[in-house]
Amino acid sequence: MCALDISRQLDVTRYMGDIVVPHVLQESFNRHQENVLTLVAALQAAGLDDVDIEAGVSAVIESYKIELGQAIKSCLEI
Amino acid sequence: MLDGHLTDEFARVAALHRYDVLDTPPEEPFDRITAIIKSITKAPMVSVSLIDRERQWFKSCIGLDVRETPRDVSFCTHTIMQREPMIVEDATRDDRFRDNVFVKGQPFIRFYAGVPLMTPDGYNIGALCVLDIVPRRFSDAQITMLKSFAQLVIGELELRRIAQVDHLTGALTRRAFVAELDRAVSDYRRSGTPASLVMFDIDHFKQINDVHGHQAGDLVLRHLAMTCSDAMRTSESFGRLGGEEFALLLPRTSLTQAAATAERFRVMIEEMVVPGDPPLKVTSSFGVTSLGAGCITSDEVIAEADKALYQAKNSGRNQVVTR
């Protein structure tokens, strides 16, 4: 998987469907996207093949997605 | 500026405690990260290690059978004293670690690579680390990779912290506050540790919104929250349970002591002046209860404090009622 494909996965609509990330979480969300892109580059530089990179990064994105969903729900509670 | 953060131990521990992550169960996002690192590095031990005052506690840990160790035998306690990763290629050749109990005994650590987990405000609260029982080297690329994973760990912690805090007032959200109360209830059931709950509500808050507008109402909420936060002890928790309803959880506090604290807060709020045009003044009504025989679940404790609060409202407001 190339960095461009990862960037597409990181698109907010792919993260959360139609849900808009609240302002209070936006900075954290942006930072996560940047960190994942940095990680992809680091894994590539460490010599990992595309399949391993995709597996690792997808797992990281998937768990963040779940946490982000819970955080959004929590932000909307009060 | 940042390097001062490395030596300010009190602030560092406070930063760690703000995440409210110590002694929580294992969670998938962290376990996934350690599992991926283990798979990539082929190292037998990987951990997300958080350095508390006197101990090292693992949020995620592969290859070690413990959840925590004393801090003084921890490699990571050295890592958090620096900004850059700490690499120990062979612990038996390092004066700092050759006599370490985990080097001389199980699990016979020889290699350590740790990246500080630095919060956005510059405190190293722990380290993401890889350990091996044979000496080894990490390439620059592997170190960079570990740094990237460390950023993701901090990102996950930060996301939880943001979700726990009501962004208008900085108080805990209802969900996060009830989680704190649940912990106090568990402590009470396990060891009889007392705790009290103070619930309070701003009197006639609707009138403030109606007469002065919602911005003024929000300013009152923020000002009140700031006043309360400044007056709290670090062991206490402060939450916003609903619109203008707040709560304080007072660990190791009897009902009598809690009533005295509530009275102190009542007076503080009564004397508070919210700057604006015109400046605003408010009062609050308080309900106080303690964990005890009839109050052994979070719901029961909240219901009991709520009854006391209702009584305070019905008895003329701006007063403290205990139950």
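Mentor: What follows begins with the aromatic rings and then turns to a helix face and to the salt bridges. Please keep in mind throughout that this is a predicted model.

A search of the whole structure finds 7 aromatic pairs over all chains. One of them is formed by B:Phe75 and B:Phe97, whose ring centres are 4.1 Å apart with 5 degrees between the planes, an arrangement that is stacked. This pair links distant parts of the chain, since B:Phe75 is in the loop between strand E3 (68-70) and helix H4 (76-79) of chain B, while B:Phe97 is in the loop between strand E4 (86-88) and helix H5 (101-104) of chain B, 22 residues apart. B:Phe75 has a relative accessibility of 4% and therefore counts as buried, and B:Phe97, at 1% relative accessibility, counts as buried as well.

B:Tyr112 is itself buried, with a relative accessible area of 0%. Elsewhere in chain B, the residues B:Phe200, B:Phe238, B:Phe246 and B:Phe286 form one aromatic cluster.

Another kind of ring contact involves a charge: the charged end of B:Arg136 sits over the ring of B:Phe111, 5.6 Å from its centre. By contrast, B:Phe108 belongs to a nonpolar patch on the surface, which B:Phe108 forms with B:Ile133 and B:Val134 and which has about 260 Å² of accessible area together. B:Phe108 is found in the loop between H5 and E5 of chain B, and with a relative accessible area of 40% B:Phe108 is partly exposed.

The next element to consider is helix H8 (residues 205-212) of chain B, whose buried residues are B:Phe205, B:Ile208 and B:Asn209. Seen down the axis of H8(B), these buried residues fall within an arc of 95 degrees, so they line one face of the helix. The face of H8(B) turned away from its buried side carries the exposed residues B:Lys206, B:Asp210 and B:Val211.

Turning to charged pairs, a search of the whole structure finds 34 salt bridges over all chains. B:Lys104 forms a salt bridge with B:Asp99, and the closest N and O atoms are 3.9 Å apart; the cut-off for a salt bridge is within 4 Å. At 57% relative accessibility, B:Lys104 counts as exposed, and B:Asp99 is exposed too, with a relative accessible area of 58%.

B:Lys313 is buried, with a relative accessible area of 17%, and B:Asp201, at 13% relative accessibility, counts as buried.

The side chain of B:Lys313 also meets that of B:Asp203 in a salt bridge, at 2.8 Å, N to O. B:Asp203 is in the loop between E7 and H8 of chain B, and its pair with B:Lys313 in helix H11 of chain B links distant parts of the chain, 110 residues apart. At 4% relative accessibility, B:Asp203 counts as buried. Finally, salt bridges that share partners join A:Glu67, B:Glu27, B:Lys59, B:Glu156 and B:Arg160 into one network.

Terms used: Residues are numbered from 1 along each chain as its sequence is written. Chains are lettered from A and ligands numbered from 1 in the order in which they are written. This is a predicted model: local features need pLDDT of at least 70, side-chain atom pairs count only at pLDDT 80 or more; totals for chains, interfaces and linings use all residues. Side-chain values use heavy atoms; hydrogens and water are left out. Rings of Phe, Tyr and Trp (its six-membered ring) pair if their centres lie within 6.5 Å; planes under 30 degrees apart count as stacked, over 60 as edge-to-face and the rest as tilted. Helices (H or I, at least four residues) and strands (E, at least two) are DSSP runs, numbered from the N terminus. Buried means under 20% relative accessible area, exposed over 50%, partly exposed in between (1.4 Å probe, protein chains only). A charge sits over a ring if NZ of Lys or CZ of Arg is within 6 Å of the ring centre and within 35 degrees of the ring normal. Patches are made of residues with over 30% relative accessible area and no salt bridge: like charges are joined within 9 Å, nonpolar side chains (Val, Leu, Ile, Met, Phe, Trp, Tyr) within 5 Å. Accessible areas come from the Shrake-Rupley method with a 1.4 Å probe; for residues, only the protein chains shown count as cover. The arc is that of the directions from the helix axis to the C-beta atoms.
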